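Here is a brief report on one structure. It moves from a sheet to a helix pair, then to the chain contact and the core.

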Amino acid sequence: MTSYIQKIQEVSARLLKECKVDMVIGFRKGTIPLMNEPYFARTAEDVQNLVWDSNCGINLANYLTDRKENIGIIAKGCDARNIVTHIVENKIKREQLVIIGVPCKGMINKRKITAMSEGEITEVTEDENNVTVKGDGFEKVLNKKDVLQQNCALCIHRNPIEYDELIAETVEEQKDIDRYADIREIEALSPAEKDKYFEDLFSTCIRCYACRNACPLCYCPTCFTDEAKPQWVGKSQDQTDIETFHFLRAFHCAGRCTDCGACERACPVGINMRLLTRKLEKDCFDLFEWEAGMSLDVRPPLDTYKPGDPDDFIK
Amino acid sequence: MKVIQIDKEKWADGLDRLAGSYRLFAPVKEEEFYNFKELAKDEAPDLNYLNTRLSPKAIIYPQSEIMFEYSLDESAEDHHIMKEVDNSYSPQAVIGVRPCDAKAFLLVRLNFDTPEYKDPYWIRAYESTTLVGLACDSPCSSCFCTTAGCGPYHEEGLDILLVDADNHFLAKVLTEKGEKLIKAAGWDTAADEAEAGKKIETGKQAAETKISAFVNTDRLPEIDTVELYKAPFWEDVSFSCINCGTCTFVCPTCWCFDIQDENHGKSGVRMRNWDSCMFPLFTVHGTGHNPRGTQLHRVRQRFMHKLKYYVDKYDVGIQCVGCGRCVRSCPVNIDIRRVCELMNNYGTEKDSCAA
């Protein structure tokens, strides 16, 4: 990890010095354990603040939307796929970017680690395979593999597919991963059971929209939930309105979501709304053999028509 | 001041008795987080929490609250007339509220209960609520209450302060409301006041020394508001913000709301819902113009309100009790302690390197 940091700082400093970019978007060290903060470096001095570890789960592609500068951006596998999606959707131009690719071994799950600890965590350190968690009266060494965010445990694209600089050798991709076991279980439920399942899932939602706002796909100038004329969704804690928001948002991400996990990570009350986006991801793969953000040259299936597209739903 | 000793063996019995005359709210662990919940019959408070994920503000100021109802049926005599809904405001008690969260109600009161304006919903709910605090012996590393006008044993805003003393609680009765609740619970063993006082003082000092995070707010009143508004650090502070409402919704002192009418067929309700200054919609005008059109505007507003406008307007310190929830819950780790430091140091030599 420290070798990553050194290289990230080196590359960033060089890009800024050579005026290839106006800023480098990365992470700076967080003020509390298990967190880092998205950060932009504009000078060689700022570059010293750039860090990298397993707490960089926020998707930095979210910070590119409609920016006008030339930007260096630190990108793990999923970030890079979302950058590709951003380029395909005209939210940033490829020539504005220098993508600094980071082969990723997964981000750790803050909530899971917190729940496993006997008290407040005050310090977390990590090496290649282990995470050491310390607090008042306890110290624990956890195998990183056991405490990954679920999306990282299921990830099959850890290496950035689009980059200009790569800060380390590529890592081995995970093979034989069953990405959709939990989704199949929900698919098998009856409509009434599904209704209940989703009611429970979203019962704690406080409508802060952290999931939407952490998502690089959610860049609409006015989200449908914020429209006033007409107002599509009520704003109270009404369960139907809450579910309407989550379902519709998920549908808007169909064929675009890379399962970066930023939504779930951002949620202050621990809702796994990825169950919705992953169902759509699964459908896109089953119907179109499509994975989002894998190529700058192919149009996404939902914004193009091909004669071979499945059309069984037309009765 | 009266101190009652409540043996832990008598704790549950007392709560049972209270349930007859109060609706009881207390921390309960739900999956991975603690939150305040109305206790069901025979449900016990779980007092092993550091603090709850969400503040207890919703017990007095619900996230969605119906104020009026009306009929749109023109054949009805009273159609299109707003009628107040019949909310009971029966007595309720919050058991195990942290001193920071109790103090927060007093800050919110400055907005809802003023000489000019009285918010009837908030006031009625507040008046029907008894706050039974639990002194905080294990503050989190992100708590900074002692420099935010509060503290782990702070009494302002509480009706009773409970101090955990192994096999019993010491209950410091602070108000008439508190007195009434203690009686209703049947807890009647007076503690030796001198000894109890000493114990509470020792606990207080031990807890206060455990607070490891601080903010400096001494310069905030004197800094020129416009200069601070124009400070260059806002771009840096706001960069990572995703403009979600997490900080404002978990905050015990954020009070903003939005009023909505919702119709269902021929009837409807007028309700208020928590709003957030982090949302673009918060300030957008009917014309479509938004005076706080950028993320920088909105982030600056939140911190300026809490740490400058409020300070100037009320002269009672910052609009923050140091509970640390926004620090712990922010998805991108924006830290009010850091921002406060930047603001407080603005215009001094320290300000250039603080970021």
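## A three-stranded sheet

Two strands count as paired if DSSP finds at least two bridges between them. The model is predicted. In chain A, 3 strands form an open sheet in the order β6-β7-β8, with antiparallel pairing. β6 (121-126) and β8 (138-143) of chain A stand at the edges with a single partner strand each, so one side of each has no neighbour in the sheet. From one strand to the next, the twist averages 20°.

The pairings can be read bridge by bridge. β6(A) pairs with β7 (residues 130-135) of chain A over 5 bridges, in the antiparallel sense. Within β7(A), A:Thr132 is the bridge partner of A:Thr125. β7(A) and β8(A) are also joined in the antiparallel sense, over 6 bridges. Here A:Val131 has A:Leu142 of β8(A) as its bridge partner.

## The hairpin and its cover

β7(A) and β8(A) form a hairpin with 2 residues between the strands. A:Gly137 takes a positive phi near 85° in this hairpin. Is β8(A) well covered or hardly covered? β8(A) is hardly covered: the count of buried residues among its 6 residues is 0.

## A helix pair in chain A

Helix α9 (residues 239-252) and helix α11 (residues 274-288) of chain A have axes that come within 9 Å. These axes cross at roughly 35°. The crossing of α9(A) past α11(A) is right-handed.

α9(A) brings A:His246, A:Phe247, A:Ala250 and A:Phe251 to the contact. α11(A) brings A:Leu276, A:Thr277 and A:Leu280. The residues of this contact divide into 5 nonpolar, 2 polar and no charged.

## Where chain B meets chain A

The contact between the chains involves 33 residues of chain B and 31 residues of chain A. On the chain B side, the elements that give two or more residues are α9 (246-250), β10 (257-264), β11 (267-274) and α11 (325-329) of chain B. The residues on that side divide into 13 nonpolar, 12 polar and 8 charged.

## The largest nonpolar core

In soluble globular proteins, nonpolar side chains tend to be buried together. The largest nonpolar core of this model has 174 residues. Which of these residues touch the most other members? They are A:Ile73, A:Ile83 and B:Ala171.

Take A:Ile73, leaving aside its neighbours within four places in sequence. A:Ile73 is then in contact with A:Ile25, A:Leu60, A:Leu64, A:Ile83, A:Leu97, A:Ile99 and A:Ile100.

Technical notes:
Residues numbered from 1 in each chain as written. Chains lettered and ligands numbered in written order. Predicted model: local features only at pLDDT ≥ 70, side-chain atom pairs only at ≥ 80, totals over all residues. Helix = DSSP H or I, 4+ residues; strand = E, 2+ residues; numbered from the N terminus. Axes fitted to C-alpha atoms, helices over the stretch in contact; angles between N-to-C directions. Left-handed = near helix turned anticlockwise from the far one by under 90°. Contact = placed C-beta atoms within 7 Å. Nonpolar A, V, L, I, M, F, W, Y, C, P; charged D, E, K, R; others polar. Core = buried A, V, L, I, M, F, W, Y, C linked by C-beta atoms within 7 Å. Buried ≥ 20, exposed ≤ 12 C-beta atoms within 10 Å, placed from the backbone.
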